[in-house]
Amino acid sequence: MAGKAGDNPDSLMALCTVFCLKNLRRTMCYTGVRNRLYLRPDVFLPSEICDKLVNVYMELVHTDSNFVPQDGFFQLFFDPRSTRLTRLQLKGDFVRDKDLEAIGKQDLIELNLTSCNHLSARSLQTLSSFKHTLVSLNLFGCANIFFHKTRAPLARGEDDDEEEHLPRHAVDSDFTFQGFNRLRLLNLGNLPAEVDVEVLLKPLPALTSLDLSGVYLARPAFLAQWRDRLASLVLYNVDLSEDLISTVVQISRLRHLDISRENQRNSKFKMTKKILTSIVRGLGSLVSLDISGHIMLDNCTMPQIEEAMGPPSIEPCKSSIYPFQELKRPLQFLGLYNTTLCNVTHIPAYKVTGSKNEDQVLNAIEAYTEYRPELAHRAINQLFDIARIQHCNQLLRALQLVIAALKCHKYDKSIQVTGSAALFYLTNTEYRNDQSVRLRRQVIEVVLNGMEQYQEVTVQRNCCLTLCNFSIPEELEFQYHRVNLLLLKILEPARQDESIQRIAVHLCNALVCQVDNDHKEAVGKMGFVKTMLNLIKKKLQDRLCDQVMEFSWSALWNITDETPDNCEMFLNCSGMDLFLECLQEFPDKQELHRNMLGLLGNVAEVKALRPQLLTSQFISVFSNLLDSKADGIEVSYNACGVLSHIMFDGPEAWTIEDPERVWVMDKMWDAIQSWDISSRRNINYRSFEPILRLLPQSISPVSQHWATWALYNLVSVYREFAHLLVVHTSKQCLRGPVWKKKTGCLLFPFFFI
């Protein structure tokens, strides 16, 4: 049967690349002097592999919390005789001047440096070493690269890299693009106002694509030098004027023009019918136009009554926007986000950004995610409303776009808040059947990234709620260790947000419910038992028995199941004291009592720990609970189970005088006789072993009686399990998640964005 869309496995190339990067010393490198990494002398890597290694390395640095950046990684590519680099995508503060210097001998064709804030003017000199080969250069958001950094007097003699932590000082006035004769594509987005863009660009007469987003243009007429060459011009968030527009319309070969802005605030410029008409007439080759964020005058569109006639059309002659009626053909792309024009009926473009419908919103997320997170944030917020209130018709595309945005802007809180909120609704039951395993795993990974990066309440709540949409623990098992650590970290603060605490405890409980003992032991060593007991202690101090209290005991019940180490941790962390306090403080909480007695049943199953339960106080409490009618027979049954294991050790192990062993056994017989054999109970056994070991009657007949009653009740009331008992009675135990313990339920699908 064919898999769901997007469920194809990773390519062998992708798998090998990640493996090599995570195991450099075991694959293509060795450790030399000063623990420095060196490429093996018999290794030669072509550009296809080298480019992949560096670009995937950067992706892992930003998206994989378990990946440790390798100091000196870029030094592996210093020698073009053994490594060839041609096209690199580098991003963020991880990239330093020394990294670019390390690859300065390479013949780079394409170099993308996005938001590399730690690059200084030292890197401009490195860029000059690429000038004979570089065709495409992106310096978007690398504002500091045009500034020298000075060293404080006391810092003299320290490692040169320390200067990267110092503030920028003076503009590098010596650097120009002189000699970059092959450069065709250049992005200088967010270039600082101190840098004279006209002087900087003058030596580049052959540019075909130029991005000057957010750049101050004092003398826009200089753009005319590319009137016969430029095919793409981006002036996002550039203050427009009539002089600038008149210059732009002279660049007759433009195919893509972006004069959009983030919002209409503080903008004196208004998009008139005359200006739009001049753009359409002057730029006859235009296939893509973005005018998002501008104030549109009413004279741009035809009256609503006229445009409503007939079905929506992309034919220019029917355009609801008057100036676009003069287009020779429909545009491939038209940006109308945050304008009134996106609401008209007839728009002559194949792809439109806006907020009118789902298609326009998804187009906006796709178009603006990489370089305009402020717009992507708004669009994702609108997608959230669509998924929450209406119905998302392009689920696969929507999920992929939100995942891409969360990966791209891991450190942008607004994107993380809205993105995680949208994911909750895009992964719920309504859409689940349309999602592949691979896609759902990608959702889990970006959600965990958000939880790691932000301790802020809204992000944590959204991420935890989104995880609740997955089958637990099955779908989270590939990130089992990581998700448990994150949840325990969330539960550490004494005064955590109440709703987050409830969700996190619920998730913790579900995660330890149906996993093998190795997983439970590992989670126990993370501090799981202590964390749950701390939550219980806090609730006792507040004299509050709520879902957090009940889920915490339930989680302890589950994690101690056939896990002696965790049972011992419970005792060592004063768990029995908390049990007695809860019993005294909340005498009428049946659900709580059942969870606590179920946990103590697990402790009693461990022979080495039973002596710690054999005290006058504890035995008296267990004996009194035999008379409990709370929750049917559940509390009485579990109390009798604890005592049955203690009795099984024989009279010689009974070291207390009060109460007497015979008296306790009599109470146990009476309790068992009072139970209705047809009672339906919460089945809590993962294995038959703890019951079967009590059957030899020569040791403790009352223990045998309890075990026999339990097995008979099981096979008579739950007949579907009768054959399992017959099949497995001769075996040591029945393993596997046959019955699921109680994990609680989620009662609070609240969202905050």
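**Close-up views of a predicted model**

A search of the whole structure, which is a predicted model, finds 0 disulfides.

Figure 1. Cys 573, by contrast, has a relative accessible area of 31% and is partly exposed.

**Figure 2. The open parallel sheet of 10 strands.** The strands pair in the parallel sense and follow the order E3-E4-E5-E8-E9-E10-E11-E13-E15-E16. The edges are formed by strand E3 (87-91) and strand E16 (349-353); each has a single partner strand, so one side of each is left without a neighbour in the sheet. From one strand to the next, the twist averages 5 degrees.

**Figure 3. Pairing of strands E10 and E11.** Strand E10 comprises residues 232-234 and strand E11 residues 256-258. The two are parallel and are joined over 3 bridges. Ser 232 has His 256 of E11 opposite to it.

Figure 4. Strand E15 (residues 331-335) is mostly covered, with 4 of its 5 residues buried. Its pairing with E13 is parallel and extends over 3 bridges; here Asp 290 has Gly 335 in E15 as its bridge partner. E15 also runs parallel to E16, to which it is joined by 4 bridges. In this second pairing, Leu 331 stands opposite Ala 349 in E16.

**Figure 5. The buried residues of helix H8.** Helix H8 spans residues 273-282, and its buried residues include Ile 275, Leu 276, Thr 277, Ile 279 and Val 280. An α-helix has 3.6 residues a turn, so residues three or four places apart point the same way.

**Figure 6. An aromatic cluster containing Phe 73 and Phe 74.** Ring pairs link Tyr 57, Phe 67, Phe 73, Phe 74 and Phe 77 into a cluster. The structure has 20 aromatic pairs. In one of them, the ring centres of Phe 73 and Phe 74 are 5.6 Å apart and the ring planes stand at 85 degrees, so the pair is edge-to-face. Phe 73 and Phe 74 are both buried.

**Figure 7. The tilted pair of Tyr 637 and Trp 675.** The two ring centres lie 5.7 Å apart with the planes at 55 degrees, so the pair of Tyr 637 and Trp 675 is tilted. Tyr 637 belongs to helix H26 (residues 634-647), whereas Trp 675 is in the loop between helix H27 (661-674) and helix H28 (689-692); the pair therefore ties together parts that are 38 residues apart in sequence. Both Tyr 637 and Trp 675 are buried.

**Figure 8. Charged side chains over aromatic rings.** Lys 273 places its charged end over the ring of Tyr 322, at 4.7 Å from the ring centre. Arg 441 lies over the face of Phe 478, where the distance to the ring centre is 4.4 Å.

Terms used: Residues numbered from 1 in each chain as written. Predicted model: local features only at pLDDT ≥ 70, side-chain atom pairs only at ≥ 80, totals over all residues. Heavy atoms only, no water. Pairing = 2+ DSSP bridges. Axes fitted to C-alpha atoms, helices over the stretch in contact; angles between N-to-C directions. Phe/Tyr/Trp six-rings, centres within 6.5 Å; stacked < 30°, edge-to-face > 60°. Buried < 20%, exposed > 50% of the residue type's maximum accessible area, 1.4 Å probe, protein only. Lys NZ or Arg CZ within 6 Å of the ring centre and 35° of its normal. Disulfide = S-S within 2.5 Å.
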